[in-house]
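Me: I've just opened this one and would like a quick tour. Can we go through it piece by piece?

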Amino acid sequence: MKAMVIDRYGSVPMRLADMPIPEINEYEVLAEIHAASVNPIDFKIRDGKVKMLVKYKMPLILGNDFSGVVAKVGAKVTRFKVGDEIYARPRKSNIGTFAEYISIHENDIALKPKNLSFEEAASIPLVGLTSYQALHEIMQLQKGQKILIQAGAGGVGTFAIQLAKLMGATVATTTSETSTNLVKSLGADEIINYKIEKFEDRLKNYDAVFDTLGDKILEKSFEVIKPGGKIVSISGLPNAHFAKEYGSGFFKTMLFSIASNKLTALEKKHNVQYTFLFMKPSGDQLRIITNFIESGKIKPVIDRVFSFKDAQKAIEYSESGRAKGKIIIKVR
Ligand SMILES: NC(=O)c1ccc[n+]([C@@H]2O[C@H](COP(=O)([O-])OP(=O)(O)OC[C@H]3O[C@@H](n4cnc5c(N)ncnc54)[C@H](OP(=O)(O)O)[C@@H]3O)[C@@H](O)[C@H]2O)c1
């Protein structure tokens, strides 16, 4: 099958390779991939930045979510049959959606929303699950609460704004002027142009912050939260709590604990809860998201669709950091 691979970690372009069609075990399906989305984790994996959390064998097919059609099912698969239209984020040990086929555990899959094309459906799994796990599982965001969502125009931000509105929250978000209309159309109540205004000067007493940017922006986010509030970051530093939950050994737990020292101090100073989230695949949660989409409550936001042969250009566009919504690679 055709696949986009890397042969080693580092900032080198993917190459088009002929790879074997994956074997499936009894709990897996073989999916024929129609479209995949690009996520910043693709180039972070390529650069070796996720090595502390997951290690891959080379050559490695990149790509972390997709939509497609079930081509084969394992003997113990109960939920899916050949011909089903599906979408999913495969587990981290088994990525590789920039390819014609992938083997994937049935627990990680959901039926594709009926009202979306394959390209639209591929835009959802990774950012949808990330937002759901942050806002629902960890923050347990309540109706009437106020949340700041950093980088509202990005792939995660465009989904998270819609989810927070659906949960009844008041949403503030940061964006540059070029995306003001986009985030407004998604329901953002307070829009801060980060190029001319500091969010920490304008927002106070927020219940929650969903941080997608990390570093200084994450540190400043502690200033807008009220005591007892929650900050979830997907770009900040993992802390000791995360390391324990993730099953990291003693050495890595110590390392994360030392690296996140400053965040732990801010957590205590402001009396808020800081959580680093490394999202997980989940077919069950994707089915909830499918309902939101089929009922028209959440819509995909797509910036550009690239052909498979232009997959490298798609990654480069993602690396520019300027995408508005999602970048898609059309595989078939
Ligand atoms: N830990 C996890 O499980 C997990 C899961 C998903 C994503 N992530 C991480 O989360 C981050 C965001 O992912 P994404 O898919 O949303 O990325 P993305 O789509 O590439 O984000 C691009 C957007 O970020 C905006 N942006 C850049 N700098 C900004 C700033 N200083 N303030 C406000 N907006 C800014 C840009 O808006 P302008 O053009 O207007 O500047 C652009 O629209 C990535 O680092 C990704 O790796 C982690």
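Me: Is aspartate 303 buried, exposed or partly exposed?

Reply: Aspartate 303 is partly exposed, with a relative accessible area of 25%. Buried means under 20% relative accessible area, exposed over 50%, and partly exposed in between (1.4 Å probe, protein chains only). This is a predicted model: local features need pLDDT of at least 70, side-chain atom pairs count only at pLDDT 80 or more, and totals for chains, interfaces and linings use all residues. Residues are numbered from 1 along each chain as its sequence is written, and side-chain values use heavy atoms, with hydrogens and water left out.

Me: Which side chain meets aspartate 303 in a salt bridge?

Reply: That of arginine 304, at 4.0 Å, N to O. A salt bridge here is a side-chain nitrogen of Lys or Arg within 4 Å of a carboxyl oxygen of Asp or Glu. Arginine 304 is partly exposed, at 41% relative accessibility.

Me: Which residues do salt bridges with shared partners join into one network?

Reply: Arg46, Asp47 and Glu319.

Me: Why can side chains pair like that?

Reply: Side chains of opposite charge can pair when their charged atoms come close.

Me: How many salt bridges does the structure hold?

Reply: It holds 21. One of them joins arginine 15 to aspartate 7, with the closest N and O atoms 2.7 Å apart. Arginine 15 is partly exposed at 36%, and aspartate 7 is partly exposed at 42%.

Me: And lysine 81, what does its side chain meet?

Reply: Aspartate 84, in a salt bridge of 2.8 Å, N to O. Lysine 81 counts as exposed, at 54% relative accessibility. Aspartate 84 is buried, at 11%.

Me: New topic. How many cavities of 30 Å³ or more are there?

Reply: The count is one. The largest cavity has a volume of about 60 Å³. On a 1 Å grid over the protein atoms alone, a cavity is a set of points where a 1.4 Å probe fits but cannot get out, and lining residues have an atom within 4 Å of a point. Grid points are joined across faces, edges and corners, and the volume is the space filled by probe spheres set on the points.

Me: What lines the largest cavity?

Reply: Its lining includes Ser123, Phe159, Lys299 and Lys326. The largest share, four residues, comes from helix 4 (residues 155-166). Helices (H or I, at least four residues) and strands (E, at least two) are DSSP runs, numbered from the N terminus.

Me: Now the backbone. Where is the cis peptide bond?

Reply: It joins methionine 58 and proline 59, with omega about -10°. Proline 59 sits in the loop between helix 1 (40-46) and strand 4 (60-61).

Me: What is phi at asparagine 205?

Reply: It is positive, about 55°, although asparagine 205 is not a glycine. This residue lies in the loop between helix 6 (199-202) and strand 12 (206-211). Asparagine 205 is partly exposed, at 48%.

Me: And asparagine 271, what about its phi?

Reply: Asparagine 271 has a positive phi too, near 55°. Its place is the loop between helix 10 (261-270) and strand 14 (273-276).

Me: Last one. Is alanine 36 buried or exposed?

Reply: Alanine 36 is buried, at 0% relative accessibility. It lies in strand 3 (residues 28-38). Leucine 286, in helix 11 (residues 283-294), is buried at 0%.

How values were computed: 1 Å grid on protein atoms, 1.4 Å probe; cavity = no way out; pocket = protein on both sides within 12 Å on 5 of 7 lines; lining within 4 Å.
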